[in-house]
Amino acid sequence: MNVLKQIAVVIALAVSCPVLAAPTESFPTKPLKLIVPFAVGGPTDILARILGETLGEKLGQPVIVDNKGGAGGSIGSEAVAFAEPDGYTIGLATISTHVVNPSCNRHLKYDPLKSFTPIALIGNMPNILVVNSRFKAADFQAFREATKNGSEDLNAGTAGPCSFGQVMLEHLNQALGTSIRHVPYRGSGPAVSDLVGGSLDIMMDIYPLVGPHIKTGKLRALAVAWPERLAVLPDVPTFDELGLPVMNTTSWYGIVAPAQLPAARLTILANAIAESLQDPKLKRRFAEASIYPSANATPEVFKTFLKEQFDKESAFIQARNMGGN
């Protein structure tokens, strides 16, 4: 089951599940910390700050965003995993921190499934396959033809070794039988700059990052990873349309707490996040940032989603020996 079908199941189950009954415990009585395992200013940080502001209003206590970037998100994720499981420390989980990095690095100090209490899947961003404007292919079919011979002369930039971008590149190479070279960077931003400048040929990353360059004509979009065509890119097909469902993976974001979070506090946090995702102000700000809010998924549904995601991509990553360990 690919990620988009999984998200559809999440939505269906969430709609059928009533919001958890609010317990009587007095929580929270002080500010909460929301750990973001990436640097300030990126899409993940923006999403966390939007959610944190609304979540604080629902809980009646400030939610303070604490950026702990580095090591592919593992530093911040470790901080969440080893925090006191009292509900006052929560963290942002992504496909990088809870699927890709743990699959590549078997020496992490946290287990993506056992070290956390899943609370809710909160949002997704579409991923776009783009090429620089000087690349001859005008659409994906032309790109496919162009890569039949000489794909080893092409290169693709990513946010780093064993990043989500590299996973998608490996999927693309396997699906098309190509040998596009991987060029790792220290973050997606520098890679996009080189793609625009012509030093790279190809990249796949979230729309908020590549979208502005598509609008100016400096990058050309070939395919989108999303359930349907995007309104901002109506002429660009989805990977499902192109017969490549394995590529149709979105960048998803969820909220987790340390393992063994008391059930009463989990319920309070889950209910507050569910209310936040329905808040008109949050929806407007998410839309402005090209973030698509998830349905009010329950902790149980998010837990199942995380395991399915990890099992699917971990097997692929290890089979391709991406981590080298």
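Strand S5 (residues 127-132) and strand S8 (residues 202-206) run antiparallel and are joined by five bridges. Strands count as paired if DSSP finds at least two bridges between them. The strands themselves are DSSP runs (E, at least two residues), as are helices (H or I, at least four residues), and both are numbered from the N terminus.

A quick note on what you're looking at: this is a predicted model, where local features need pLDDT of at least 70 and side-chain atom pairs count only at pLDDT 80 or more, while totals for chains, interfaces and linings use all residues. Residues are numbered from 1 along each chain as its sequence is written, and side-chain values use heavy atoms, leaving out hydrogens and water.

Next up, charges. Side chains of opposite charge can pair when their charged atoms come close. The whole structure has 13 salt bridges, each being a side-chain nitrogen of Lys or Arg within 4 Å of a carboxyl oxygen of Asp or Glu. Here are some of them:

| Pair | N to O distance |
|---|---|
| Lys33 and Asp66 | 4.0 Å |
| Glu53 and Arg285 | 3.1 Å |
| Glu241 and Arg229 | 2.9 Å |

Where do Lys33 and Asp66 sit? Lys33 is in strand S1 (residues 32-36) and Asp66 in strand S2 (residues 63-67), 33 residues apart. Glu53 in helix H2 (residues 43-59) and Arg285 in helix H10 (residues 280-288) are 232 residues apart, so this pair links distant parts of the chain. Glu53 is partly exposed at 39% relative accessibility, and Arg285 is partly exposed too, at 24%. "Partly exposed" is the range between buried (under 20% relative accessible area) and exposed (over 50%), using a 1.4 Å probe and protein chains only. Salt bridges with shared partners also join Glu53, Glu57, Lys281 and Arg285 into one network.
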